[in-house]
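This report describes a single protein chain for a reader who is new to it.

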Amino acid sequence: MTDVLLPAAFTAFAIDSKIHRVAGIDEAGRGPLAGPVVVAAVVFAPGRTPINGLADSKQLQAERRAELFERIVERALAFHVVSIDVEQIDRLNIYHATMLGMRLALEGVAHACEAARIDGNVVPRGLSCHAEAIVGGDASDRAIMAASILAKVTRDRYMVGLHAQWPQYGFDEHKGYSTPQHLAALRTHGPCPQHRRSFTPVRDALQGNLLPLEPEPA
């Protein structure tokens with residue numbers, strides 16, 4: 001079974017958040033070398049969203065994301081957050097792991113919604129209701145914005161927790177992304193159990209193939 005690529009404008013009926021209960025779906029953590037990919041779904045009641053200040057989570061400071069996280073949890077009609085762990089990412093690959101997370105996140109709010117909007121250009125196969133993909137949805141659709149915040153805050157908190165177990169990698173700073181600090185730690189310490197073996201820099205570190213870091217220019 002494969003996922004279906006659909007144009008962002010594809011609809012079986014016109015989704016209107018003013019009259020429909022629409023789940024917004026977004027993920028955090030597709031690109032990092034370590035930790036889970038986290039997917040969230042958020043449903044607001046039709047009409048005006050009961051939260052001011054929503055935006056793409058990447059455009060917000062951490063403190064503001066934390067504040068909005070609490071408001072979303074309190075005021076959403078329904079929400080569900082799913083973490084797909086490293087073992088599943090390595091078994092399925094990151095694309096299919098993310099599609100799985102989207103399906104599971106939507107299943108968690110299916111009782112409260114009639115349709116779904118997903119950030120991106122892909123509608124996963126086998127969803128429990130009609131859905132459309134919106135490129136840049138985390139900057140234009142308020143339910144997707146809320147989902148992006150729940151996913152980002154949940155994942156960041158998880159990565160800070162991993163830092164307590166493996167402080168040598170600096171997960172609390174880079175959250176698993178391939179920063180120079182993180183790559184240097186991989187060279188020195190090798191991967192930990194939370195690193196994604198299916199990602200090239202981690203695989204190279206296991207095989208001793210990481211190139212030395214270039215010196216900073218004078």
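## Surface and burial

The accessible surface of the protein chain is about 10,500 Å², and carbon and sulfur atoms contribute 53% of that area; such areas come from the Shrake-Rupley method with a 1.4 Å probe. Of the 218 residues in the chain, 47% are buried (under 20% relative accessible area).

This is a predicted model, in which local features need pLDDT of at least 70, side-chain atom pairs count only at pLDDT 80 or more, and totals for chains, interfaces and linings use all residues. Residues are numbered from 1 along each chain as its sequence is written, and side-chain values use heavy atoms, leaving out hydrogens and water.

## Fold

The protein chain contains 7 helices and 7 strands, taken as DSSP runs (H or I of at least four residues for helices, E of at least two for strands). Along the sequence their order is β-β-β-α-β-α-α-β-β-β-α-α-α-α.

Among contacts (heavy atoms within 4.5 Å) with a separation of 6 or more, 65% join residues 24 or more positions apart.

## Packing of α1 and α4

Helix α1 (residues 62-75) packs on helix α4 (residues 142-165) at an angle of about 120 degrees, and their axes lie 9 Å apart. The two helices are therefore oblique to each other, a class left after roughly parallel (under 35 degrees), roughly antiparallel (over 145) and roughly perpendicular (65 to 115).

On the α1 side, the residues in contact include L68, F69 and I72; on the α4 side they include I149, L150 and V153. By class, this contact has 9 nonpolar, 1 polar and 5 charged residues, with Asp, Glu, Lys and Arg counted as charged, Ala, Val, Leu, Ile, Met, Phe, Trp, Tyr, Cys and Pro as nonpolar, and the others as polar.

Conventions
Axes fitted to C-alpha atoms, helices over the stretch in contact; angles between N-to-C directions. Buried < 20%, exposed > 50% of the residue type's maximum accessible area, 1.4 Å probe, protein only.
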